[in-house]
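Please walk through this structure with me, one region at a time. I am new to it and would like a plain guided tour.

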Amino acid sequence: AKPSIFTTHKHWYESSLASVLSPSTPAQVLHVYDTVFHGFSAKLSPTDALNLQTLPHILAVIPEQVRRLHTTRSPHFLGLQTTDSAGLLKESDFGSDLVIGVLDTGIWPERQSFNDRDLGPVPSKWKGQCVTTKDFGPGSCNKKLIGARFFCSGYEASNGKMNETSEFRSPRDTDGHGTHTASIAAGRYVFPASTLGYAKGLAAGMAPKARLAAYKVCWTAGCFDSDILAAFDAAVADGVDVISLSVGGVVVPYHLDAIAIGAFSAADQGVFVSASAGNGGPGGLTVTNVAPWVATIGAGTIDRDFPADVKLGNGKVVPGVSVYNGPGLSPGRMYPLVYGGTGGGDGYSSSLCLEGSLDPVFVKGKIVVCDRGINSRAAKGEVVKKAGGIGMILANGVFDGEGLVADCHVLPATAVGASNGDEIRGYIDSASKSKSPATATILFKGTRLGVRPAPVVASFSARGPNPETPEILKPDVIAPGLNILAAWPDKVGPSGVSSDSRNTEFNILSGTSMACPHVSGLAALLKAAHPEWSPAAIKSALMTSAYTVDNRGETMLDESNGNTSTVLDFGSGHVHPTKAMDPGLVYDITTMDYIDFLCNSNYTINNIRVLTRKNADCSGAKRAGHVGNLN
């Protein structure tokens, strides 16, 4: 009956539209929603939108919003080893009846992380499909990747037709982000795995036997709400158990937020939704995806890093991090060291090493110090390299604090914290006043394991309090999100810089984008072990079993300043999968509890209908008391 319902709805929606549009404007429906939302999306002039809002059967008209992406050792660090015969991975047959839907930039299906060796038949409840196109053939899906779709009507309505030479009109990933997040959630065991020789070892997702379905909603201009909602609609109808969403934008009231709306109905239908908290930290009130029915995931470090220290001409060694394996600097040799900002011209853009800002005469053969900001970290390296520089030191600004991210640089380069950046600039300054000009070299130390303290709350991880509902703490938990190794597509260089032609099967990335799929995979394992648990019960198990103490036995630190972190940084704490399996008490939340919460948060009956698709009755809500009682 599906197509006929769809077409009747579509005709009905188009006639609603035609009744308010000027006769010359065609009534074009972009998406029809009927699983998590009843309605449609269309491109309208402001006047048409206002007219549409006056129709008696239209509950709400919600403006389009664009979202952004929240750009191998974590299973081991989380206590999930395959050899562990009694633990989580064993008990759930590794979650093979469960399906994780990843809403992202698509997927590169040929990666080994998505092979289907030893997997049983596709779960019988699965109703999804694998959309095939000229660059995503019928063999792209298998018993591991069991669904793949793409949604671009909203993107093209806002941005015009996509340029098919630079991105695929198919589920195939031209960015890398979606392939990376999908393999974190449910990548198979792959050995050996590494990026440019760093982080060598066995790569595995959280739920290596869970099935994956890729819903491509993000394109070069971002991820549009109308497409995200269409993907929620499809994923829930297809039969996913978990939805993983590593994108976010500005926080708006829940009834105007397509992610909150889609997630509410998904949770109502038993689907666990995990979303990234955002990378706007370390400032307060930066957390996004804050709806209480969503698991909001911040980022922590793991006990592995990639040291690349700066040795200065005055003998001082300054710690930094990097993933670089190309032709190195000559061992034992010191190179002239300059700060981009003192090279004449516009000091501001050259201090940031922006495109075209560096004078080749000034930087040729030298190591250049560049400040963070405006352009991407790896792009700065490309600017230095083009101008003839031999290496780069990337220095944090005051606001970045001491948080460091390792990047796959295109030239010998390393990243240092704010105070060390000040020290290096100070050294250059004082050396310029003396007879001996500043020199330095970078010492690449490879991969270091067993780092203490860990975990530490990542500097970029977005922080509470929750800007929409301060009484409900966000983020909910943190999970590994710094320098995470996962699968990567062909034809995209690991640095993300367009001139980078290196090919790599895996890449190391950081962001709450990487933390979120860790929890999506864990949620699938928990649902496999406890099929009767609702999304709220799974979230309760993850939160009540989380820990706040690091591997030194002290409260976790905040990477941005080295101080002790707080509940506004880590929420309930860092996820602890094995404990979450048997958490003792779990707290459940019913749909009615959420409705009472919305009533007591002063949402109108109409707002609540938009969110919940139910005629809410707020008369008894006062019994639920304070909004914070939802906790």
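Asp558 is found in the loop between H14 and H15. Helices (H or I, at least four residues) and strands (E, at least two) are DSSP runs, numbered from the N terminus. This is a predicted model: local features need pLDDT of at least 70, side-chain atom pairs count only at pLDDT 80 or more, and totals for chains, interfaces and linings use all residues. Residues are numbered from 1 along each chain as its sequence is written, and side-chain values use heavy atoms, with hydrogens and water left out.

Is Asp558 buried or exposed? Asp558 counts as buried because its relative accessibility is 7%; buried means under 20% relative accessible area, exposed over 50%, partly exposed in between (1.4 Å probe, protein chains only). Its side chain reaches the backbone nitrogen of Ser560 at 2.9 Å. Not counting residues up to four places away in sequence, Asp558 touches Val456, Val457, Arg463, Asn563, Thr564, Ser565 and Asp569. Contact here means heavy atoms within 4.5 Å.

Now look at the helices on either side of this loop. Helix H14 spans residues 535–544 and is mostly covered, with 8 of its 10 residues buried. Among them are Pro535, Ile538 and Leu542. Helix H15 covers residues 567–570 and holds Leu568. Leu568 counts as partly exposed because its relative accessibility is 32%. Together with Leu473 and Val567, Leu568 forms a nonpolar patch on the surface, with about 200 Å² of accessible area in total.

Next comes the annotated site. Which residues does the UniProt annotation "active site" cover? The unreviewed entry lists Asp104, His177 and Ser513. They are spread over 410 residues of sequence, yet they cluster in space: the largest C-alpha distance is 9.9 Å. UniProt annotations may be inferred rather than shown by experiment.

Take Asp104 to begin. Asp104 is found in strand S4, residues 99–104. Asp104 is buried, because its relative accessible area is 1%. The side chain of Asp104 reaches the backbone nitrogen of Gly178 at 3.3 Å. Leaving aside neighbours within four places in sequence, the contacts of Asp104 include His177, Thr181, Tyr215 and Ser246.

Then turn to His177. His177 is found in helix H6, residues 177–186. At 2% relative accessibility, His177 counts as buried. Again leaving aside neighbours within four places in sequence, His177 is in contact with residues including Asp104, Ser246, Trp488 and Ser513.

Notes
A polar contact is a pair of N or O atoms within 3.5 Å; within protein, one must be able to donate a hydrogen and the other to accept it, and residues adjacent in sequence count only if both atoms are side-chain atoms. Patches are made of residues with over 30% relative accessible area and no salt bridge: like charges are joined within 9 Å, nonpolar side chains (Val, Leu, Ile, Met, Phe, Trp, Tyr) within 5 Å. Accessible areas come from the Shrake-Rupley method with a 1.4 Å probe; for residues, only the protein chains shown count as cover. A salt bridge is a side-chain nitrogen of Lys or Arg within 4 Å of a carboxyl oxygen of Asp or Glu.
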